[in-house]
Each structure stands twice: as structure tokens, then as C-alpha cells.
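Please look over the sequence and the model below before reading on. The text then goes from the whole chain to single residues.

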Amino acid sequence: MKIDLIKLKFNDTYSYKYKPFTYCCDKVQNDKAIVFTGEDINDIGGEHEDDGNFIPQFCTSHTEVIKSYEDEWEQTDNYPIQFCPHCGEKIEILVVDEIDVSDKYNELSKQRENLWKRCQRTDSKKKEAELREQVRRLDNQINSFYWLDEWKGEY
Ligand SMILES: [Zn+2]
């Protein structure tokens, strides 16, 4: 299976979106232990340095409950895989495009800042609730820049 990635650059950082793709088989699509992620990738045999060339991978994901004294927490380790564990097809992940979305990102951040100011200044409870809702929606939009999800073509 082949996955095309779009690299988004904004605000001195970057993230990835993927173009719509078809899974090589249903089994891998329904396998809850297989994740497509750019997070928590276990570094096998080398230092993991974030040099800007790090791209999301298909991984097998293991979640373990770790107990230590009184504490207990869940730890997830993701191990990158190059081949589908179900049908054996090679998994190819390619960055096909790089888009600078800084302008859009900064514009949204500014809008949020202004709305938040208005929200704090208003005396009307109704107006405040409305503004809060708008800020919440903007937050969502801003956060979505970081999500590894399907590329819709533009921001
Ligand atoms: Zn497969």
C-alpha cells in the first residue's frame, strides 16, 4: 500500500497530512493493534532525533500497564513496520508535497486572540457564551493543524 503525505509547515514547526489511500487488505484496516502515527515511535537501534525529516509510520502498537510503587500508568510503544503483517505487501510512505500554511495559522491565532479579548471584556453573559463558543471552534481549527489526518486540499 502506498501513502502520500503532505508536509505542512507553519510557525517554525511542521506536521503531516495524508492523501486518501486504500488499505492493502481489510485485515490491516480493522486491526486495532496497527496504527498510523507520528507519535511515540520506539527508536530501535539509534538515536531518534527530530531533524525535520521524521515522517509518520505504520506501527504495531503495544499498550502495557506499568506498575511502580503506588503508581500505575499505561505506556504505549509503537514499533514501525515496513510490511503489512497480514498480506505481506510493502508499505510505502512518501512525502509528495510541502505546503507553507503559516499565513493561515497566524491569521487564525490572531482571530482567536481578538475573540478572547472581546470575550473577557463583554458584560453580556449571552455574548460571552457566544464568543466562548467561537473561541472553542477556532481552537479546534488551530489544533487540527497538528493532527495526522486526511488532507482536504486546503486550509
Ligand atoms: Zn495487507
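The protein has 3 helices and 6 strands. This is a predicted model, and its elements, taken from the N terminus on, follow the order β-β-α-β-β-β-β-α-α. The radius of gyration of the protein is 20 Å, well over the 15 Å that the globule rule gives for 155 residues, so the protein is more spread out than a compact globule. The C-alpha trace spans about 60 × 50 × 35 Å along its principal axes.

How much of the protein counts as buried? The share is 7% of the 155 residues. A residue must have 20 or more other C-beta atoms within 10 Å of its own to be counted as buried. As for contacts between residues at least 6 apart in sequence, 57% of them join residues at least 24 apart.

Next comes the sheet. Three strands form an open sheet in the order β2-β1-β6, and the pairing in this sheet is mixed. The edge positions belong to β2 and β6 (92–100). Each of these two strands has a single partner strand, so one side of each is left without a neighbour in the sheet. On average, neighbouring strands of this sheet are turned by 30° against each other, direction ignored.

Within the sheet, β1 and β2 run antiparallel and are joined by 6 bridges.

The loop between β1 (2–10) and β2 (13–18) contains D12. Is D12 buried or exposed? D12 has 6 other C-beta atoms within 10 Å and is therefore exposed, as the cut-off for an exposed residue is 12 or fewer.

Y69 lies in the loop between β4 (57–68) and β5 (71–80). Phi of Y69 is near 50°, and here too the value is positive in a residue other than glycine. Y69 counts as exposed because it has 5 C-beta neighbours inside 10 Å.

To look at these two places in the model, start from the loop between β1 and β2 for D12, then go to the loop between β4 and β5 for Y69.

Key: Residues are numbered from 1 along each chain as its sequence is written. This is a predicted model: local features need pLDDT of at least 70, side-chain atom pairs count only at pLDDT 80 or more; totals for chains, interfaces and linings use all residues. Helices (H or I, at least four residues) and strands (E, at least two) are DSSP runs, numbered from the N terminus. The radius of gyration is taken over C-alpha atoms; the globule rule is 2.2 Å times the number of residues to the power 0.38. Two residues are in contact if their C-beta atoms, placed from the backbone, lie within 7 Å. Two strands pair if DSSP finds at least two bridges between them. Axes are lines fitted to C-alpha atoms, for helices over the stretch in contact, and angles run from 0 to 180 degrees between N-to-C directions.
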